[in-house]
Each structure stands twice: as C-alpha cells, then as structure tokens.
Number of protein chains: 2
Amino acid sequence: MPTNPILEQLLNEHLPALAKTEALEESVITEAIKNGTMVLLANPAHKNVQPTLIGQPASVKVNANIGTSPFVEEPSREIKKLHLAEAAGAHAVMDLSTGGDLDTIRKEMLAATRLPLGTVPLYGCAQRRVKAGAHAASFTADGLFEEIENQAKQGVDFITVHCGVTRRASQLIDSADRMLGVVSRGGSMTVRYMKETGNENPLYEQYDRLLEISAKHNLTLSLGDGMRPGAGVDAGDTAQWDEVVTLAELTRRAWDAGVQVMIEGPGHVPLHLVQAQIQGIKQLCMGAPLYVLGPLVTDSAPGYDHIAGAIGGALAAWFGADFLCYLTPAEHLTLPDGKDVYAGVMASRIAAQAAENALGRPLAVARDLDISQARADLDWNKMADLALDPPMVRHRREDHKDREECAMCGEFCAVKMLKDF
Amino acid sequence: MPTNPILEQLLNEHLPALAKTEALEESVITEAIKNGTMVLLANPAHKNVQPTLIGQPASVKVNANIGTSPFVEEPSREIKKLHLAEAAGAHAVMDLSTGGDLDTIRKEMLAATRLPLGTVPLYGCAQRRVKAGAHAASFTADGLFEEIENQAKQGVDFITVHCGVTRRASQLIDSADRMLGVVSRGGSMTVRYMKETGNENPLYEQYDRLLEISAKHNLTLSLGDGMRPGAGVDAGDTAQWDEVVTLAELTRRAWDAGVQVMIEGPGHVPLHLVQAQIQGIKQLCMGAPLYVLGPLVTDSAPGYDHIAGAIGGALAAWFGADFLCYLTPAEHLTLPDGKDVYAGVMASRIAAQAAENALGRPLAVARDLDISQARADLDWNKMADLALDPPMVRHRREDHKDREECAMCGEFCAVKMLKDF
C-alpha cells in the first residue's frame with residue numbers, strides 16, 4: 001500500500017525505538033507496513049500516544065475494552081479501569097462507553113493514557129439518538145460520518161467500523177438458521193437500520209468517505225465482525241464468511257487509499273475449528289492484522305470467559321492472530337469492574353506468551369527460559385521479576401518470603417531434594 | 001486384561017448407573033475396562049465411594065490435589081478444601097498431605113467424601129522418616145510397601161507410584177542437561193534414595209509385590225511421571241521418554257495381573273508440543289488412561305497457572321488425555337487455599353468441556369447448545385442452570401436480576417435489538 005504522509009512521518013520519528021521494542025530489524029517493520037500485514041496505531045492528535053505495532057512478526061498485543069454502560073455512568077470508574085488495564089500490561093484500550101457524556105469521557109481517556117485508544121463511533125451516534133428519545137438504530141449516514149470525523153480529530157487511534165454488515169450478509173443471517181443471530185452491538189444496530197430504512201449500510205456504501213477521514217488522521221480501521229458467531233454452533237456459516245469476503249475487498253481498497261486496516265475475528269469458535277477460522281480469515285484478507293475476541297472455545301463458562309477466551313486466544317495467536325481483545329470474567333453477565341479488567345488482561349497475556357513461545361519468538365522464549373532458570377535456582381526475586389504479574393507473585397509469597405522453599409512443599413521441595421545432595 | 005474379582009463385583013453392582021451417567025452402552029464400558037483403556041476407581045474399603053470411570057470414551061474427569069503441608073497442618077482447613085472441590089465439580093481428589101498426623105487426616109478425608117481418593121504413599125513414608133529426625137529419602141522398601149498396604153486397607157482408591165524412576169532414568173537426567181532436573185517430589189525422593197543406597201527403585205524392582213496389594217483391594221495404580229519436564233524446554237527429553245517406555249512395560253504387567261493402571265503425564269509442555277506428547281504417550285502405553293498435570297503451556301504465569309494449565313489441558317483432552325489434574329493459582333508459589341481450589345477445579349472443567357465439545361461428545365455438545373439457546377432467549381435462569389458454575393452466574397447477575405438485559409449493554413443489547421423488531 002502507498003503509506004500516507006502522517007504514517008511516513010510517524011515512522012521517521014519512531015522507527016528506531018519500535019525496532020528496539022519489537023527486537024526486529026527496521027526494514028522488517030517498514031516492509032510489513034508497506035504490505036499491510038502490520039499497522040502502526042497512532043493518531044498524532046492523541047497527545048503523547050505510544051505508537052504501537054500490530055501484525056506479523058511484531059509481538060502479539062492485548063486490548064482491554066472499558067467504558068460506561070447505560071446503568072453505570074461514572075467516568076472516574078472507567079479511568080480507574082484504564083489504569084488497571086495499563087498496570088496489567090494491556091497494549092491498547094477501547095472506550096466502548098454507552099452511558100453519560102461520551103465526548104467528555106473519551107477526551108478524558110485520551111488525556112489519561114499513552115496507549116492507543118480505540119472506539120466504536122456508532123455507539124456515540126446511537127446514544128445521541130437514544131438521548132433524543134429515538135431508537136438507537138435511527139442514526140443517519142451523515143450523523144455517523146460526523147461522529148467518526150469528530151473522534152478522529154479528538155485523537156482516537158483506531159475505530160471499529162462494521163463495514164461488512166451488508167444487506168446481503170443480513171439476509172444470509174435470516175436464512176442461515178443461526179442460533180444466536182447477530183451478537184455484535186454495532187452489527188445488530190446496522191442490521192436494524194438497514195431493515196428499517198431499506199438502505200444499504202452507509203459504512204459500506206460510502207466507504208470512500210470513511211477512507212478519506214481515516215487517511216487524514218492515520219486513523220486505523222478495524223473492520224468489525226458484525227456477523228461473528230455468538231455460539232460455537234454458528235461458527236463458520238455463510239453470513240460469517242460472506243462478511244469476511246467483503247472485508248477482504250474493503251482491505252484492498254483501504255490499502256489503495258493509504259489507510260491502515262485490521263480485520264476483526266470471532267467470537268465463539270469450538271476448539272477444533274480455531275485453526276481453520278484463523279488461517280482462513282488471514283489468508284482471505286491477504287495477511288492483514290487479525291484482531292480476535294477470544295475466541296471462546298466453549299459457551300458454557302459464563303463467569304470464566306477470560307479462561308475460555310485464553311484457551312482460544314492461545315491457539316489463535318499460535319495460528320496467526322496478531323491482536324487479542326481480552327474477555328473478562330464479567331463477559332455475558334455484567335459490566336466488568338477493575339478486578340475483572342486486570343484478570344482479563346492477564347489471561348490474554350498468558351495466551352499471547354504461550355503462543356509466542358510456541359512460535360519461537362525470541363523475547364517470549366527468553367522469558368520462559370529465564371524464569372525456569374530462576375526456578376531451578378530457587379531465586380524468588382528473579383521469578384517475580386520475570387513473571388507476567390510480578391506483584392501477584394510477591395503477594396502470594398508474602399507469608400513465606402524469607403524461606404528458600406515455598407509453603408507447599410517445604411522440606412519436601414523436589415528442587416532442593418537433589419540440589420543440597 | 002483379566003479383571004480381578006473385586007472389579008467384577010463392582011461392575012455387576014454399578015454398571016447400569018455408570019452407563020447412564022456416562023451416556024454409554026454397558027458393553028462399551030466392560031470392553032474398555034477389559035482392554036485396560038478405561039479404569040473404574042473404587043476401593044470397596046472406601047465406604048460409599050462413588051465408582052468413577054476414567055478413560056476413553058468416558059467423559060473427561062477432573063482431580064483436585066489437596067492436603068496439609070509442613071507449614072500448614074490444619075486438617076479442618078483441608079476438609080473445607082475437599083468440600084469446595086466437590087462444590088466446584090471435581091470428580092476425584094488426592095490427599096497429598098505432608099504435615100500433621102497423615103493417617104488421621106486420610107481417614108477423615110475418606111469418611112468425608114464419596115469421591116475416589118488418591119494419595120502418594122511415599123509421602124507418608126517420608127514424613128515418618130522426617131519425624132524420626134532422618135532425611136525424607138531415607139525410607140526403606142519394606143516401609144514403603146507397608147504404607148501402601150495400610151492405605152489400601154484404609155480405602156484409598158488410587159495411588160501415585162513412581163515406578164518408572166529407575167536408576168537408568170536417573171542417569172539420563174544427569175546427562176541430559178535438564179534445566180529443572182526432577183520436579184516431582186516423589187521422583188526426587190526416589191532418585192535421592194537410589195543415589196544414597198545404590199539400590200534400584202523398590203517400586204520397580206519389587207513391582208509384583210505392588211501388584212499383589214493392588215489386586216487385593218482394586219487399588220488403581222497411577223504410574224507417576226517422576227521424570228516429567230518441569231520447564232517447557234525440558235519437555236520430550238531422553239529421561240522423560242525413558243520413563244514412559246518403562247511405564248508401558250509396567251502397564252502390560254499390571255494388566256496381566258488384573259490390576260488397573262493409569263499413566264501420569266506432563267507437566268510443562270509448550271503449546272506446539274502438546275499433541276505429540278499426548279498422542280505419543282497414549283500410543284506407547286497402549287491406550288491406558290492418561291492423567292495429566294496441566295500441561296502448562298508457559299512457565300511465565302505463576303499466580304495464574306490454572307489458566308496456563310487450562311490451555312494445555314483443553315488441548316491435551318482433545319488429543320486423548322482422560323483425566324485432568326487441576327492446577328491452582330497457588331501453583332509454584334504456596335499452598336492453595338479454598339478459593340484456589342475452587343478456581344482450579346473450574347479452570348480444568350472449562351478445559352474438559354471445550355475438549356469434549358470439540359470431540360463431539362454428546363453431553364458436552366448438548367450443554368453448549370442448550371446454554372446458547374438460553375442466551376438467545378435471554379433466559380437467565382436457564383443460563384445459570386446450564387453454566388459450569390451456576391452460583392457464579394447468579395452472583396454476577398445479582399444487581400441486575402430483574403432486567404431482561406445485562407448491565408453491560410442495557411438497551412444496546414445486540415440480542416434484544418433484533419428480537420423486539
């Protein structure tokens with residue numbers, strides 16, 4: 001793709017640091033960005049943003065979704081969650097607020113974090129309609145593009161746009177005997193909009209308008225998976241793949257316009273289908289960075305979807321997914337609290353670490369080797385330092401921190417048994 | 001294998017109920033037991049024990065390790081953990097106590113649970129030596145067999161015996177440049193015993209003596225993996241496979257003696273090696289039930305090893321493991337508390353559910369389908385009933401239980417958006 005001037009400038013400024021962080025040659029990064037297989041998340045209007053690479057062979061990144069709900073509208077609660085996501089090691093956050101003054105919340109979040117911030121602009125648009133006493137899906141095309149432009153100017157680094165939720169895909173949902181229809185909020189609003197107005201999805205029909213705004217701000221498009229399966233049994237049906245085909249076509253058009261693109265992926269996918277889903281989507285979309293939600297390998301674990309998602313996420317990242325959107329223990333049940341956010345980020349980081357270790361990525365391999373060596377040496381400080389969550393290791397060792405063994409084994413410590421001998 | 005008379009009698013009594021629970025034909029069960037690919041855990045001396053099938057194609061089972069440590073010797077704390085393991089849905093428990101009066105604790109546990117109870121008799125033997133002021137590894141062959149016989153009489157249903165930790169395997173460890181040597185407590189004690197005495201491992205050398213005791217009580221042998229990798233980088237080395245080869249040989253001898261056998265498996269195994277490990281061990285051991293600890297797909301997640309273990313456990317069970325030993329968040333750090341036990345069992349159950357769904361096992365597939373249908377119907381009670389942890393679902397819904405949507409989405413609920421339309 002022809003890079004846009006803003007992206008060129010960002011690379012000029014940040015390439016050496018990025019290469020160092022990723023332990024990659026500079027040319028590997030520039031080549032991957034040129035090919036569209038890597039994106040650099042950074043909108044220059046986001047003050048002090050930490051430009052962040054997503055895509056092969058950069059390290060797998062983790063996103064945390066936060067934001068108010070129609071029932072819990074306290075911005076300060078969300079800022080706290082933002083800081084907890086950062087403390088847990090998230091690489092990006094999405095503000096999915098739907099309650100309160102969304103413009104103010106978004107500006108506060110942009111000011112509060114250097115991490116790339118993503119949004120779903122349709123939510124802002126829909127919330128305005130609800131506040132005006134109308135239905136969420138009664139938005140207009142102009143209203144939506146204005147919202148997107150406004151957010152781009154505010155400094156939002158990436159946006160989810162459900163461009164592939166077309167009338168054709170919507171008809172396929174109806175005819176496909178799906179158990180769980182549309183489970184994406186943006187997707188379902190778009191389907192309802194299309195059914196009520198008879199119009200095509202404006203994000204699809206007026207895609208060039210979207211590309212124009214995006215290029216101007218180096219706003220990365222995350223092409224949303226509005227047709228993603230919401231139950232394992234729905235994975236891989238016609239509506240899902242129809243949308244991916246559309247996203248592949250839109251990826252090519254974005255690249256031609258110098259706009260960076262990620263593809264969003266599932267969703268609920270049984271264990272035995274994860275490989276086919278991930279490799280299929282990646283191949284179809286010409287290697288564009290893949291941003292997955294889970295995948296959840298079982299539908300039966302509400303309260304523990306961070307674990308079901310970590311199982312799927314580890315497999316997905318091993319098979320080529322680039323960006324893991326966390327799931328928290330609150331998924332499917334309620335708005336996550338701070339503890340949920342922290343737990344969700346950690347679960348996704350474990351999945352990423354496992355996948356990168358399997359892929360032989362040098363930084364991940366070194367971490368696993370070094371912490372194992374520290375374990376062999378019974379060097380607890382080093383173990384804590386190298387762990388994905390150092391404070392947790394120190395906390396669990398607290399009662400016992402002056403002893404060489406742990407409180408489980410004591411003198412029966414297997415390592416010590418043969419070490420002292 | 002020629003079944004032993006006790007096993008015959010247990011089957012006569014319990015086969016119809018077992019067939020119903022497992023949704024299997026009775027002949028499938030008797031055939032699998034005859035072939036040694038399924039075991040029935042139940043020692044008639046364990047009053048009211050719930051006979052439990054482990055092995056293909058019975059459902060995947062989950063074990064919880066509990067027990068005192070040299071630092072935390074309160075039996076009542078362990079009985080509480082036992083009940084939490086039961087509440088979380090464990091199918092078996094192992095009493096790995098090493099502190100306090102082990103005989104009394106074991107008897108209390110046997111009386112307190114109908115779940116099959118496993119132990120590592122070497123611990124009792126070793127603790128007696130420590131209490132006598134000697135080193136844990138200064139046990140004698142006679143002392144060990146007496147301990148095993150005593151525990152069999154008490155009603156222990158299965159025991160871990162590190163019969164494959166031979167002098168040859170021990171030499172391989174020394175020559176293999178392992179990062180983490182022997183990480184099994186029983187394994188390391190046995191290695192030290194062999195090095196100090198120059199003797200062969202009595203559980204290997206006098207294996208027939210073990211078989212005699214086992215057959216008398218339908219005590220199932222869980223052939224321990226004392227040489228399991230304790231770091232991902234150690235997975236699949238000569239010492240590990242040498243032990244598996246020995247266990248395969250010992251499996252055949254147990255079958256010839258009418259003794260039921262499970263094989264214990266790893267351990268720390270990187271994601272990309274799980275399939276080879278599981279299928280390799282199962283094949284080598286002629287399909288004997290495989291009991292795995294994790295596997296942990298990364299070494300870097302102390303504090304979250306239940307999640308790293310759930311990733312490996314899901315893959316392992318999908319590839320043929322039959323019995324998942326849980327890992328708790330306390331693994332590698334300290335003795336688990338009640339919360340750890342509950343979290344560990346749940347993580348393993350999620351792994352089992354994901355694997356069984358992928359394998360098309362009818363009960364698991366039905367659960368995923370039914371809970372997804374409940375989700376489509378916004379039927380929260382049914383969702384809770386079908387979830388792996390119903391109380392958790394109810395707890396997280398508490399604030400919001402009278403509303404049709406969850407507290408995350410409210411009027412933006414994707415399901416409702418198109419349902420009311």
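## Where the two chains meet

Across the interface of chain A and chain B there are 20 residue pairs in polar contact, with both partners at pLDDT 80 or more; that score is there because you're looking at a predicted model.

Next, colour the helices of chain A. Seven to pick out are helix 5 (121-131), helix 8 (185-197), helix 13 (305-318), helix 14 (338-358), helix 15 (362-376), helix 17 (390-397) and helix 18 (414-419): each gives at least two residues to the side of chain A that touches chain B.

Show both partners together. The contact takes in 93 residues of chain A and 94 residues of chain B, and the two chains bury about 8,100 Å² between them, 71% of it on carbon and sulfur atoms.

How many salt bridges are there between chain A and chain B? The count is two. For one of them, zoom in on A:R396 and B:D340, whose closest N and O atoms are 2.5 Å apart.

## Over to a helix in chain B

Select helix 12 (residues 274-284) of chain B, where B:V274, B:Q277, B:I278, B:I281 and B:K282 are buried. These residues cover an arc of only 115° around the axis, so they lie on the same side of helix 12 of chain B. Show what they pack against: helix 11 (238-256), strand 8 (261-265), strand 9 (290-293) and helix 13 (305-318) of chain B.

Definitions and conventions. Residues numbered from 1 in each chain as written. Chains lettered and ligands numbered in written order. Predicted model: local features only at pLDDT ≥ 70, side-chain atom pairs only at ≥ 80, totals over all residues. Heavy atoms only, no water. Contact = heavy atoms within 4.5 Å. Buried area = accessible area lost by both parts, 1.4 Å probe. Salt bridge = Lys/Arg side-chain N within 4 Å of Asp/Glu carboxyl O. Polar contact = N/O pair within 3.5 Å; in protein donor to acceptor, adjacent residues only side chain to side chain. Helix = DSSP H or I, 4+ residues; strand = E, 2+ residues; numbered from the N terminus. Buried < 20%, exposed > 50% of the residue type's maximum accessible area, 1.4 Å probe, protein only. Arc of directions from axis to C-beta.
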